Amino acid sequence: MDIKLGIENRTEDFSGLELALISNKDLRDNSGVCLAVVGNVVKGNASGVYVGGIGNGVEGNASGVYGAVGINDVKGNLRGIEASLILNICGEDSKSIQIGLLNWRNGGNWYSKFSPLIAIRTGKRKSKNRESLASVSTK
């Protein structure tokens, strides 16, 4: 397991423990535990526990637990938990729990995007056409 301590950490692919006074920025994938006073940014996929004072951002898919005072933003799909005081954002096919003042899911129907306080995301809904085609092909 790698351990990285610093004021501002920047890595390509990292697996281990990252502690930063300002931020952790991973230019590709990251797995492990990341703690930063300001925030954590992962340009690829992420898995593990991420705690950022202001926020956490993941460009790819994410799994694990994400906590922040401000914002958690997962552009891809999330499998896990997001908790913040202000805003949580996840991808359309996320299977997750969001806890915060505002919770947002990208994509989907307008009524399933926003949920205040607690949101339980169960992934995409199958369309009726897909379900009927599946039942025809299994007969």
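The model is predicted.

**Asparagine 88**

Asparagine 88 lies in strand 10, which covers residues 87-90. Is asparagine 88 buried or exposed? Its relative accessibility is 0%, so asparagine 88 counts as buried. The cut-off for buried is under 20%.

The side chain of asparagine 88 has a polar partner. It makes a polar contact with the side chain of asparagine 103, at 2.9 Å. Asparagine 88 also touches other residues. Leaving aside neighbours within four places in sequence, its contacts include Asn72, Glu82, Ala83, Gln98 and Trp104.

**Cysteine 90 and the core**

The largest nonpolar core has ten residues. Among them are Cys34, Val42, Tyr50, Val74, Leu78 and Cys90. Which elements give two or more residues to this core? They are strand 5 (46-52) and strand 7 (62-68).

Cysteine 90 has contacts beyond its neighbours within four places in sequence. Val74 and Leu78 are among them.

**Burial values**

| Residue | Relative accessibility | Class |
|---|---|---|
| Cysteine 34 | 1% | buried |
| Asparagine 88 | 0% | buried |
| Cysteine 90 | 0% | buried |

Cysteine 34 and cysteine 90 both belong to the core. How many disulfides does the model have? The count comes to zero.

Conventions
Residues are numbered from 1 along each chain as its sequence is written. This is a predicted model: local features need pLDDT of at least 70, side-chain atom pairs count only at pLDDT 80 or more; totals for chains, interfaces and linings use all residues. Side-chain values use heavy atoms; hydrogens and water are left out. Helices (H or I, at least four residues) and strands (E, at least two) are DSSP runs, numbered from the N terminus. Buried means under 20% relative accessible area, exposed over 50%, partly exposed in between (1.4 Å probe, protein chains only). A polar contact is a pair of N or O atoms within 3.5 Å; within protein, one must be able to donate a hydrogen and the other to accept it, and residues adjacent in sequence count only if both atoms are side-chain atoms. Contact means heavy atoms within 4.5 Å. A nonpolar core is a set of buried Ala, Val, Leu, Ile, Met, Phe, Trp, Tyr and Cys residues joined through side-chain atoms within 4.5 Å. A disulfide is a pair of cysteine sulfur atoms within 2.5 Å.
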